[in-house]
Amino acid sequence: MNTPPLLNRHGIWAIYRFEMARALRTLWQSLVTPVLTTSLYFIVFGGAIGSRMQQVGGVGYGSFIVPGLIMLSLLTQSISNASIGIYFPKFTGTIYELLSAPVSAMEMVIGYVGAATTKSVILGLIILATASFFVPLRIEHPFAMIAFLILTAVAFSLFGFIIGVWANGFEQLNFVPALLITPLTFLGGAFYSIDMLPQPWRTFSLFNPVVYLVSGFRWSFFGVGDVAVGVSLAVTAGFLAACLIAIAWIFKTGWRMKN
């Protein structure tokens, strides 16, 4: 007797291909706008602040902010890509067709999260290439850089998937990225080292999970970070695991999947 495959790759590929095609239809919003925004960050922060702050931790300020800029775009775009991907079928009512199709919950998550991760990683690499035109860059630990890039994109795409399930309107899709993730990124050492902060603000910063993401990613570039790289990796992996547990509970209970 033939054993059915654990995963239906055709179902995964269909969802993945649809989401990637949707990104191509909105190429300006998905790709060009974040790159232009990043270039403006370099002009403002690199030009205005960089002329007064030559180095941070032995690294030129313009180069120092590159990992933070990539992480800022990576977090927001991962959440946005995954949340709109799963929310749109709810909005149009096609979620019922998806839930009744011979596609398991795991296959659905792999399709949507895989597409969101792919788009975010590509965007991160494009921003990295864009940054190389503005400042000199070095990557001391390229494999660690790729690992942090992919791990962070997967974790926050999973988080975006949860937001898409939770949201009851388009305004709620932007609520968490705009009012939580972006402020946490700005306060998470994206444009400065938390060692520059006086107490007790430095201690308070350690409760910001984005600090660990930015620090680990920056370490992969320059070999320096605000916290130990092992701690950064553990926090990222822990957040990913928490999102997986939440998604497993969502499909087990059917919470908001049909609303």
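Q: Where does Pro200 lie?
A: Pro200 is in the loop between α8 and α9 (201-205). Helices here are DSSP runs of H or I with at least four residues, strands are E runs of at least two, and both are numbered from the N terminus. This is a predicted model, where local features need pLDDT of at least 70 and side-chain atom pairs count only at pLDDT 80 or more, while totals for chains, interfaces and linings use all residues. Residues are numbered from 1 along each chain as its sequence is written, and side-chain values use heavy atoms, with hydrogens and water left out.

Q: And the peptide bond from Gln199 to Pro200, cis or trans?
A: That bond, Gln199 to Pro200, is cis, with omega near 5 degrees. Most peptide bonds are trans.

Q: OK, zooming out. How many helices and strands are in the chain?
A: The chain has 11 helices and 2 strands. From the N terminus on, the order is α-α-β-β-α-α-α-α-α-α-α-α-α.

Q: What's the radius of gyration of the chain?
A: It's 19 Å, close to the 18 Å from the globule rule for 259 residues, so the chain is as compact as a globular protein of that length. The radius is taken over C-alpha atoms, and the rule is 2.2 Å times the number of residues to the power 0.38.

Q: Switching to α4, how far apart are its end C-alpha atoms?
A: They are 39 Å apart, which agrees with the 39 Å that its 27 residues should span at 1.5 Å a residue. The expected span is 1.5 Å times one less than the number of residues.

Q: How many of the residues of α4 are buried?
A: 23 of the 27, so α4 is largely enclosed by the rest of the structure. Buried means under 20% relative accessible area (1.4 Å probe, protein chains only). Ser73, which lies in α4 (residues 66-92), is buried at 11%.

Q: Which residues does Ser73 touch?
A: Leaving out residues up to four places away in sequence, Ser73 touches Thr38, Ser78, Leu123 and Ile127. Contact means heavy atoms within 4.5 Å.

Q: Last one: at what angle do α7 and α8 pack?
A: About 135 degrees, with the axes of α7 (residues 142-166) and α8 (residues 170-186) 8 Å apart. That makes α7 oblique to α8. Axes are lines fitted to C-alpha atoms over the stretch in contact, and angles run from 0 to 180 degrees between N-to-C directions. Under 35 degrees counts as roughly parallel, over 145 as roughly antiparallel, 65 to 115 as roughly perpendicular and the rest as oblique.

Terms used: Buried means under 20% relative accessible area, exposed over 50%, partly exposed in between (1.4 Å probe, protein chains only).
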